[in-house]
Amino acid sequence: MTAGSELYDLLPTGRGNAISMQKLADLTGSRPRQVRQAIFNLRTDGLIIAGDSNGYYIPADDQELISYYKTAKARGLATLASIQSARKALQQAGIDTEGGGSR
């Protein structure tokens with residue numbers, strides 16, 4: 001797998017130039033899962049990498065950044081809602097959700 005900074009350098013600027021995960025995997029000789037993890041790591045390091053159904057890209061302007069922010073926020077909130085539902089069901093079954101233990 002290519003280093004994160006090398007992967008970042010492959011990312012185009014602008015939504016219209018987005019590059020697919022498979023293309024990134026091909027270019028880096030990696031598996032898609034490795035690319036996904038590298039993108040996650042770069043994002044948690046503070047780099048802004050937008051993504052949509054067309055692929056990954058660096059936002060070209062404030063509008064693209066706002067669009068990515070809104071989409072990512074909605075996705076995150078939806079994930080949180082589903083996790084909360086699962087947590088509630090586990091708690092009702094008497095399963096500890098914080099310590100990882102069971103009943």
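**Reading a predicted model, residue by residue**

Author: Start with Thr97, which lies in the segment after helix H4 (62-92). Helices (H or I, at least four residues) and strands (E, at least two) are DSSP runs, numbered from the N terminus. This is a predicted model: local features need pLDDT of at least 70, side-chain atom pairs count only at pLDDT 80 or more, and totals for chains, interfaces and linings use all residues. Residues are numbered from 1 along each chain as its sequence is written, and side-chain values use heavy atoms, leaving out hydrogens and water.

Reader: Is Thr97 buried, exposed or partly exposed?

Author: Read the relative accessible area: buried is under 20%, exposed over 50%, partly exposed in between (1.4 Å probe, protein chains only). Thr97 has 25%, so Thr97 is partly exposed.

Reader: Leaving aside neighbours within four places in sequence, which residues is Thr97 in contact with?

Author: Contact means heavy atoms within 4.5 Å. With those neighbours set aside, Thr97 contacts Arg87, Leu90 and Gln91.

Reader: How do H2 and H3 pack?

Author: Two packed helices are described by the angle between their axes and the distance between the axes. H2 and H3 pack at about 100°, with axes 9 Å apart. H2 is therefore roughly perpendicular to H3 (that label covers 65 to 115 degrees; under 35 is roughly parallel, over 145 roughly antiparallel, the rest oblique). H2 brings Met21, Gln22, Leu24, Ala25 and Thr28 to the contact, and H3 brings Pro32, Val35 and Arg36.

Reader: What lies in the loop between H2 and H3?

Author: Ser30 is placed there. Ser30 is buried, at 11% relative accessible area. The Ser30 side chain makes a polar contact of 2.9 Å with the side chain of Thr28.

Reader: And where is Gly55?

Author: Gly55 is in strand E2 (residues 55-57). Gly55 is buried, with a relative accessible area of 8%. Not counting residues up to four places away in sequence, Gly55 touches Ala18, Ile19, Ser20 and Ala50. Compare sequence with space: Gly55 and Lys23 are 32 residues apart along the chain, and their C-alpha atoms are separated by 9.1 Å.

Reader: What separation do the C-alpha atoms of Thr97 and Arg31 have?

Author: Those C-alpha atoms are separated by 32 Å, with the residues 66 apart along the chain.

Note on methods. Axes fitted to C-alpha atoms, helices over the stretch in contact; angles between N-to-C directions. Polar contact = N/O pair within 3.5 Å; in protein donor to acceptor, adjacent residues only side chain to side chain.
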